[in-house]
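Student: Give me a close look at one part of this model. Start with the sheet pairing, then go on to the packing.

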Amino acid sequence: MGVTHHGRTHRLDLADPTLREWQCTVLAADPEQGIVLDRSAFYPGGGGQPPDHGVLLWQGVQTRIVGTRKGDDLWLIPAEGDPVPPVGTAVSGAVEDTRRSMLMRTHSGLHVLCGVVFRDFGALVTGGNMEPGEARMDFNLPEVPPDFKARIEDLVNAEVAADRSVAVRVLPRAEALALPDIIRTQSNLIPPDEQEVRIVDIVGLDVQADGGTHVASTAQIGKVQVVKVESKGRANRRVRVRLVD
């Protein structure tokens, strides 16, 4: 495990989130379990970000990939009825660009939202979820002003327009946890046995531990619309957003 490997698979998606096509070799294959590659740019899901979709091309055959199962290895899940390449086969992998790119924009947009709410309201995240182009994030926020929805939308889009750089680095666990406010969730979700922590820094706004894929700068996110702010309990507020092209 780690930030560069999961089991036997080298994680190309974290090394270069812009990579969409690559060459690899099948290490394990089973119609029920899935397919394990030596190198993969498929984001396997996690942290609220769904897994990538795409294809494997081999010997004139196409295998559609519709999800991932995480265990000791990363098992890519083929579409029902699609053929599975035999162990040892050289294959070409390709991530569906439209889905991945929209998820990267959405994920970075949520970090901007998180940074704004933490900076201006001091609220921690209690939950969240995203699909391509739309998402929700829950905050521990007992009191909200009457103009909260419009105010948050304006503040988030001001940070998007500021074209802040989105930088990623990997730190030893102790060094990462020594950074102030590095955990933006109410509970620490970093596995206790993880010795390296991946940090996503929206420079000048938000720094937090995160394992997902992101755009290179906030201007690439596009306009963010705050669709709704809901009360989900005495102190919990749910903010629903979508990207508007």
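Tutor: Threonine 9 in S2 is the bridge partner of histidine 6. This is a predicted model: local features need pLDDT of at least 70, side-chain atom pairs count only at pLDDT 80 or more, and totals for chains, interfaces and linings use all residues. Residues are numbered from 1 along each chain as its sequence is written, and side-chain values use heavy atoms, with hydrogens and water left out.

Two bridges join S1 to strand S2 (residues 9-11), and the two run antiparallel. Strands (E, at least two residues) and helices (H or I, at least four) are DSSP runs, numbered from the N terminus. Two strands pair if DSSP finds at least two bridges between them. The open sheet has three strands, ordered S1-S2-S5, with mixed pairing. S1 (5-6) and S5 (39-40) each have a single partner strand, so one side of each lacks a neighbour in the sheet.

Now the packing. The largest nonpolar core has 31 residues. Such a core is a set of buried Ala, Val, Leu, Ile, Met, Phe, Trp, Tyr and Cys residues joined through side-chain atoms within 4.5 Å. Buried means under 20% relative accessible area, exposed over 50%, partly exposed in between (1.4 Å probe, protein chains only). Leu113, Phe139, Ile152, Val156 and Val241 have the most contacts inside this core. Helix H2 (97-121) gives the largest share of this core, nine residues. Apart from it lies another core, of 14 residues, including Trp22 and Leu37.

Valine 229 sits in strand S15 (223-231). It is partly exposed, at 27% relative accessibility. Beyond four places in sequence, valine 229 touches Phe148, Lys149, Arg238 and Val239, contact meaning heavy atoms within 4.5 Å.
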